Amino acid sequence: MATEQPVTPTEEQLEILEYHFCKVNKHPDPTTLCLIVAETGLSEEQTLKWFKQRLAEWRKSEGLPSESGSVRD
C-alpha cells in the first residue's frame, strides 16, 4: 500500500481555507467540514490537518498557550 504524499494546497484552495478559518469558524463542525472538502477538492484528512496547523499558528501569533490534545487525529 502506498502512503499518501503530502499535498500543498493551491492558492485558490488556500483562499477558501483561510476564508473559512477567519470568517466562518476556526473549529469547523462535520457539516461545514464536508462543505469545505467539497469546495476545495482536498481530502477530509488534509483539511483537518490544515485547520489544526493553522489553529496552532494563530494561537502562537495571539500569544495563547497551545491546546495539545484538544483535537484528536
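User: Let's start with H1. How many residues does it have, and how far does it reach?

Analyst: H1 has 14 residues, and from its first C-alpha to its last it reaches 19 Å. That is close to the 20 Å expected at 1.5 Å a residue. Keep in mind that this is a predicted model.

User: Ok. Which residues in H1 are buried?

Analyst: Gln13, Ile16, Leu17, His20 and Phe21. They cover an arc of only 125 degrees around the axis, so they sit on the same side of H1.

User: What covers the buried ones?

Analyst: The cover includes helix H2, which is 30-40, and H3.

User: Stepping back a bit, how many helices and strands does the protein have?

Analyst: There are 3 helices and 0 strands. Along the sequence the pattern reads α-α-α.

User: How much of the protein counts as buried?

Analyst: 26% of its 73 residues.

User: New topic: aromatic rings. How many aromatic pairs are there?

Analyst: The count is 3 aromatic pairs. One of them is Phe21 with Trp50: the ring centres are 6.2 Å apart and the planes are at 90 degrees, so that pair is edge-to-face.

User: Where do those two sit in the chain?

Analyst: Phe21 is in helix H1 (residues 11-24) and Trp50 is in helix H3 (residues 44-61).

User: Are Phe21 and Trp50 buried or exposed?

Analyst: Phe21 counts as buried, at 1% relative accessibility. Trp50 is buried too, with a relative accessible area of 12%. The cut-off for buried is under 20%.

User: What kind of pair do Phe21 and Phe51 form?

Analyst: A tilted one, 6.1 Å centre to centre with 50 degrees between the planes. Phe21 in helix H1 and Phe51 in helix H3 are 30 residues apart, and this pair links distant parts of the chain. Phe51 is buried, with a relative accessible area of 4%.

User: What about Lys26, where does it lie relative to Phe21?

Analyst: Lys26 lies over the face of Phe21, at 4.9 Å from the ring centre. The charged end of Lys26 also sits over the ring of Trp58, 4.9 Å from its centre.

User: Which side chain does His20 make a polar contact with?

Analyst: The side chain of Glu39, at 3.3 Å from the side chain of His20.

User: And what else is His20 in contact with?

Analyst: Leaving aside neighbours within four places in sequence, His20 is in contact with Asn25, Thr32, Ile36, Glu39 and Phe51.

Technical notes. Residues numbered from 1 in each chain as written. Predicted model: local features only at pLDDT ≥ 70, side-chain atom pairs only at ≥ 80, totals over all residues. Heavy atoms only, no water. Phe/Tyr/Trp six-rings, centres within 6.5 Å; stacked < 30°, edge-to-face > 60°. Helix = DSSP H or I, 4+ residues; strand = E, 2+ residues; numbered from the N terminus. Buried < 20%, exposed > 50% of the residue type's maximum accessible area, 1.4 Å probe, protein only. Lys NZ or Arg CZ within 6 Å of the ring centre and 35° of its normal. Expected span 1.5 Å × (residues − 1). Arc of directions from axis to C-beta. Contact = heavy atoms within 4.5 Å. Polar contact = N/O pair within 3.5 Å; in protein donor to acceptor, adjacent residues only side chain to side chain.
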